[in-house]
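Subject: Handover of a structure and notes on its features

Dear colleague,

Please find below the structure that I am handing over to you. The notes that follow it set out what was found.

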Amino acid sequence: MGQKITRRTFTKAGAATTLGLAALGTARAAGANDRVRLGFIGVANRGGHLISAFLPHKDMEIVAVCDVSKPTLAGAAKRLDGKPATYGDFRKLIERNDVDAVVIATPDHWHAIQTIAACDAGKDVYVEKPLSITIREGRRMVEAARRNRRVVQVGTHMRSIPLYDELAGLIASGKVGKVTVSRTFRLSNMYPSGIGRSRPSDPPADLDWDMWLGPRPERPYQDNITPYKFRWWQLYSSQAANWGIHFIDLIRWMTGETAPASVCAMGGRFAVDDDRTIPDTMQATFEFASGRLAVFGQYEACGNPALPKPGDVELRGTQGTVYLRYLGGRRFEIVPERGGQFQDRRPRMEPMTADDTGGDPTVAHARNFLDCIKSRQLPKADVEIGHRSTAFSLLANISLATRSRLEWDAEKEQFTNSEAANALLHYEYRKPWKLE
């Protein structure tokens, strides 16, 4: 008979693992009028979602918004009843003395420059995932947050789902034995035309294309790059970083790992005929010094389920296998292991299931950020956590680019067996942009 567990009984079964909190400075004085004043940089798509996630919190006020697209900017201002100031240049927003914190939802190649500038200006930051587009950028972002004693929350909002926190504690307690293999997949059948093919053209008159490109090389505008399809262009993003980081972060959280010892990725453009510069099919395997593997597959030419049970992450332990689901309803199921060759065939544990009935985790993630601005404690998805998880995706991309298995020194953040791979840890920004 399977065991249906509630949050109360689950907590008794094993304490949840929590991030040790560290003070980032003197807590803000609480009061009825103690409203956190926010500036939003990037208000299309995910930026719009984040506005929705912050609006329910009455102890904050959106005082400024910024976007390189004038129609997008006007739409955000109208949605907020025309109250916030509007900017096309993020630097003007960051200069404002009445902005306590910024929320960044720009394309990946902008995250480092904007986060570091905000931290150096004394602002706290909520920055969307992936944290950065290079590993060196990510480390600089951590350093900027620490030297300025800033709260930096990364948008891996699954960290704010209590059920997953409890599951991490259950796994840490040894309930499912040693997890030796974890698997997760990005699935979408984009065959045959994907993001399509498009010719270079003049940018729309109401788009600041040069500012959109920022530190990346100058190039002609193309309408299948912005506003969203940049996710399939290697210079601006990748699906390993866009989707992969969410589920790789869950694996890292559930297993307590901080970094792999080695990575090997394979893949390419095998079926989809479009302008993308990232693979339509890719698989990366990470090996850990602790003795386990993690597998991330990006399958965009076939979308059928890749796991034997509904779920987004599979964690295979010696006592039981966990199927953790986010898309389609937050829950997990643990299937008992049975002994194999030469072993006792009886089930090694009772089956378990649990569902999360909480609200929108992005709203909860925003709440945690606002609370930490006031308490000066580290948030649930602190910048170091975000950097570590983002690095997995970037390591996989570098392995694929160099067509090699790479050995990784996580302390030095260097490859030990490939100078070609080390050369891809960062790139030279287009002037006048600099990595501070």
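By about how much of the helix are D371 and R367 separated in helix α11? The two residues are 4 apart in α11, which spans residues 361-375, so about one helical turn separates them. Please bear in mind throughout that this is a predicted model.

Salt bridges

D371 and R367 are joined by a salt bridge in which the closest N and O atoms are 2.9 Å apart. D371 has a relative accessible area of 37% and is partly exposed. R367, with a relative accessibility of 23%, also counts as partly exposed. This pair belongs to one network, in which salt bridges that share partners join D59, R367, D371 and K374.

In total, the structure holds 32 salt bridges. Another of them connects R231 with D108, and here the closest N and O atoms lie 2.7 Å apart. R231 sits in the loop between α8 and α9 (239-242), while D108 sits in the loop between β5 (101-104) and α5; the pair therefore ties together parts that are 123 residues apart in sequence.

R150 and D124 are both buried.

Strand β9 covers residues 262-268 and is mostly covered, with 5 of its 7 residues buried. Which strands does β9 pair with? One partner is strand β10 (residues 281-288), which β9 meets in the antiparallel sense over 7 bridges. Within this pairing, A265 has A284 of β10 as its bridge partner. The other is strand β16 (residues 406-409), where the pairing is again antiparallel, over 2 bridges. In that pairing V263 stands opposite L406 of β16.

The loop between α10 (244-255) and β9 contains E257. Is E257 buried or exposed? Its relative accessibility is 11%, so E257 counts as buried. The side chain of E257 is joined to that of S290 by a polar contact of 2.3 Å.

Helix α7

Helix α7 (residues 162-172) is also mostly covered, as 9 of its 11 residues are buried. The buried residues of α7 are L163, Y164, D165, E166, L167, A168, G169, L170 and I171. Just after the helix, G174 takes a positive phi of about 95°.

The cavity

How many cavities of 30 Å³ or more does the structure hold? There is 1 such cavity, and the largest cavity has a volume of about 60 Å³. Its lining consists of T258, A259, P260, H387, R388, A391, F392, L395, W408 and E413. Helix α12 (residues 383-402) gives the most to this lining, with 5 residues. Sorted by class, the lining of the largest cavity comprises 6 nonpolar, 2 polar and 2 charged residues.

The largest pocket

The largest pocket holds about 760 Å³ of space. It is lined by 41 residues, of which A44, N45, R46, A105 and F230 are the closest to its centre. Which elements give two or more residues to the lining of this pocket? They are α2 (46-54), α5 (111-120) and α8 (209-213). Helix α2 gives the most, with 3 residues. By class, the pocket lining divides into 21 nonpolar, 15 polar and 5 charged residues.

With kind regards

Note on methods
Residues numbered from 1 in each chain as written. Predicted model: local features only at pLDDT ≥ 70, side-chain atom pairs only at ≥ 80, totals over all residues. Heavy atoms only, no water. Buried < 20%, exposed > 50% of the residue type's maximum accessible area, 1.4 Å probe, protein only. Pairing = 2+ DSSP bridges. 1 Å grid on protein atoms, 1.4 Å probe; cavity = no way out; pocket = protein on both sides within 12 Å on 5 of 7 lines; lining within 4 Å. Points joined across faces, edges and corners; volume = space filled by probe spheres on them. Nonpolar A, V, L, I, M, F, W, Y, C, P; charged D, E, K, R; others polar. Salt bridge = Lys/Arg side-chain N within 4 Å of Asp/Glu carboxyl O. Polar contact = N/O pair within 3.5 Å; in protein donor to acceptor, adjacent residues only side chain to side chain.
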